[in-house]
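Here is a short briefing on one chain.

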Amino acid sequence: MMTKLCFSMASALVFSFFSSSLAAHAGHEHDADVAELEVTNVQVREFLPASSSSVGYLTIINHSGTPATLTKATLEGLERVEIHEHSHVNGMMKMQQVESVTIKAHESVSFQPGGYHLMVFDPQEPLKVGQERKLTLYFNDGNRLFTNAQVVSLEAQAAQSKPSKHHAHH
Ligand SMILES: [Cu+2]
């Protein structure tokens with residue numbers, strides 16, 4: 001009796017912590033309802049001289065019928081990664097850290113100049129153009145996604161991310 005009570009209290013604590021993900025799954029009966037996520041165009045820019053941070057971009061595609069919420073990212077060999085967004089405040093472009101980014105069901109979110117981006121700090125060794133570094137994405141339902149980030153130069157990144165209203169693929 002006592003054991004059961006303790007167990008349910010512990011469960012309640014855990015569940016309240018993950019309440020948003022629980023709510024998202026409410027009504028689903030499948031036991032393995034893992035979000036089907038795809039990550040593409042993962043790149044991180046080399047650090048510029050005398051700069052303490054650099055920036056990473058990627059696209060997360062959510063193929064599932066359940067929203068996915070990214071809460072954290074880590075990059076191999078970097079002490080710290082933050083999720084940032086750019087926003088316009090009173091006509092000024094402002095950058096701020098965000099707690100999470102939600103990718104709605106059957107939609108995608110691109111981390112790109114002027115929008116969401118990963119801010120990376122404190123490399124243990126310099127990032128070199130052409131390297132690949134393991135990127136881990138953490139989601140609020142406990143899922144993790146592993147991928148490789150390509151280290152690119154500022155020039156390559158600028159060339160790729162020229163503002164364009166059209167898709168320049170193919
Ligand atoms: Cu930033």
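pLDDT is the predictor's confidence in each residue, on a scale from 0 to 100. This is a predicted model: local features need pLDDT of at least 70, side-chain atom pairs count only at pLDDT 80 or more, and totals for chains, interfaces and linings use all residues. Residues are numbered from 1 along each chain as its sequence is written.

**Confidence**
- The chain averages a pLDDT of 81, and 74% of the residues score at least 70.
- Over residues 1-32, pLDDT stays under 50, and the model has 11 contacts there beyond four places in sequence (contact: C-beta atoms, placed from the backbone, within 7 Å).
- Where pLDDT is low, the predicted coordinates should not be read in detail.

**Ala 73**
- Ala 73 sits in strand S3, residues 68-75 (strands are DSSP runs of E, at least two residues, numbered from the N terminus).
- Ala 73 counts as buried because 22 other C-beta atoms lie within 10 Å (buried: 20 or more; exposed: 12 or fewer; partly exposed: in between).
- Its contacts beyond four places in sequence include Val 81, Leu 118 and Tyr 138.
- The C-alpha atoms of Ala 73 and Leu 118 are 8.1 Å apart, across 45 residues of chain.

**Largest nonpolar core**
- Ala 73 and Leu 75 touch the most other members of this 23-residue core (a set of buried Ala, Val, Leu, Ile, Met, Phe, Trp, Tyr and Cys residues joined through C-beta atoms within 7 Å).
- S3 gives the most to this core, with 4 residues.
- Beyond four places in sequence, Leu 75 contacts Val 44, Val 120 and Ala 149, among others.

Terms used. Contact = placed C-beta atoms within 7 Å.
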